[in-house]
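Here are a few exercises on how two protein chains can meet. Have a look at the sequence and the structure, then work through the steps.

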There are 2 protein chains.
Amino acid sequence: MTKTSRQPGRTTRERILTTALALFNQQGEPHVSSTAIAAELEISPGNLYYHFPNKEAIVNALYDAFATEMGTLLDAMEQTRSGPEEIWLFLHLMFEAIWKYRFLYYDISTLMSGYAHIERHFPVLLRRKQHTAYVLCDTLTAAGLMQADANELTALARNIALVGTFWISFQRAVHPHDEADIALGVAQVMQLVAPLLQPEARRYLQSLATQYTSVPNHAVTKGE
Amino acid sequence: MTKTSRQPGRTTRERILTTALALFNQQGEPHVSSTAIAAELEISPGNLYYHFPNKEAIVNALYDAFATEMGTLLDAMEQTRSGPEEIWLFLHLMFEAIWKYRFLYYDISTLMSGYAHIERHFPVLLRRKQHTAYVLCDTLTAAGLMQADANELTALARNIALVGTFWISFQRAVHPHDEADIALGVAQVMQLVAPLLQPEARRYLQSLATQYTSVPNHAVTKGE
């Protein structure tokens, strides 16, 4: 991890964020102090505080970077008139972004009650995810690939947002000591959509899901 | 709240548990100390410590009471060969039990990392919930009411356990300052099952879900 944080040309600010993200993802945000981040970087706490006045400022900066990545993806998803294959790709990209900043998903309530910035902005992002899920499924319905009424679409979109958001927490609750495999999370969300698809689209999605989850040590986690 | 904790004939131990549960549900377990529980009961901390050596012992006792209630329900669910109506009733009863001990569901990871007893036992309960969901859906399939293969049933059972477990966290993340309505949680789980049911059973479940969520201030929360 220290290797990536010492690439030449990267600013101290960037190195602090990269190292903090890696430590938060490894140990959980509550267990990592500013001092531990400075120690990992081999810089003085004073140097760290010059860039970020406290740990909250680091957490907020990481949250903003995450929200920007998700926002770009959600925009792209809504603008593309997608079929099942594009939706699979987008799901994969969203889970990649969630995985990269996964410490945000270990315990969202605790994080929200500790950081006013996240408490204010996370619910907005969550409602946007739900809205995008609705738009995508509505597109599938209009294209004749899915069969569902407005109530079913609303419930489906809510379940997609819920499973997407809490899949990492669920895996950690079932297997407290294992690393979660994001391919299984993508497949879990696919399985919410599949039963409402028309037979051909449903078979296609099932075959994608099977291929997707049968690749061991999935490439998605590379570069972590 | 103090009214219920002062009913005549109840032991101090029971009153401590009732009051702790109410405070944990209101404020979240991390924000409630043993001293605050003693103060609410108007007993000395020494009297409280005579019954429970620390807050962990209180949390563990409440977890065990919850696990016993859930265990009884899961046993009953597996032993009854259920149709959609019975499943709806069981879902309702499970959400009632979760609601009664909802502080356990505010932030499961944090609770598991703080309490070894819960870290050891919660994953077992979660796997059991998933197993029971599988058995129930398998029964519906065998009765010709549901159409799904073994992979789809496994994914469905996992999503039922996930949505059932994290629905309260999801509601709190979307609406941080509102009390969650458990009827919506039951309806959300129903919507996972509905698309795999045969048309008649699906229409029946949808009408149940609509009736269920249209009752304002649902009776379930009475007596809290």
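**Exercise 1.** At roughly what angle do the axes of α8(A) and helix α7 (residues 116-142) of chain B cross?

*Solution.* Before we start, note that this is a predicted model, where local features need pLDDT of at least 70 and side-chain atom pairs count only at pLDDT 80 or more, while totals for chains, interfaces and linings use all residues. Residues are numbered from 1 along each chain as its sequence is written, chains are lettered from A and ligands numbered from 1 in the order in which they are written, and side-chain values use heavy atoms, with hydrogens and water left out.

Step 1: the two axes come within 8 Å and cross at roughly 110°. Axes here are lines fitted to C-alpha atoms, for helices over the stretch in contact, with angles running from 0 to 180 degrees between N-to-C directions. Helices are DSSP runs (H or I, at least four residues), numbered from the N terminus.

Step 2: α8(A) is therefore roughly perpendicular to α7(B), a label that covers 65 to 115 degrees.

Step 3: on the α8(A) side you'll find A:Phe170, A:Ala173 and A:Val174, which meet B:Phe122, B:Pro123, B:Leu126, B:Arg127 and B:Gln130 of α7(B). Contact means heavy atoms within 4.5 Å. Sorted by type, the residues of this contact are six nonpolar, one polar and one charged.

**Exercise 2.** Work out how α8(A) sits against α9(B), and who does the touching.

*Solution.* Step 1: the axes of α8(A) and helix α9 (residues 182-193) of chain B come within 10 Å and cross at roughly 100°. These two helices are therefore roughly perpendicular as well.

Step 2: A:Glu152, A:Ala155, A:Arg158 and A:Asn159 of α8(A) pair up with B:Gln188, B:Gln191 and B:Leu192 of α9(B). That contact divides into two nonpolar, three polar and two charged residues.

**Exercise 3.** Now size up the whole interface of chain A and chain B.

*Solution.* Step 1: 37 residues of chain A are in contact with 37 residues of chain B.

Step 2: the buried area (accessible area, 1.4 Å probe, lost on putting the two parts together, summed over both) is about 3300 Å², and carbon and sulfur atoms give 59% of it. In chain A, A:Leu162, A:Phe170 and A:Gln188 lose the most area to chain B, together 18% of what that side buries.

Step 3: two salt bridges cross the interface, a salt bridge being a side-chain nitrogen of Lys or Arg within 4 Å of a carboxyl oxygen of Asp or Glu. A:Arg202 forms a salt bridge with B:Glu152, with the closest N and O atoms 2.8 Å apart.

Step 4: α6 (108-114), α7 (116-142), α8 (150-174), α9 (182-193) and α10 (199-214) of chain A each supply at least two residues to the side touching chain B. The biggest giver is α8(A), with 14 residues.

Definitions and conventions
Parallel < 35°, antiparallel > 145°, perpendicular 65-115°, else oblique. Nonpolar A, V, L, I, M, F, W, Y, C, P; charged D, E, K, R; others polar.
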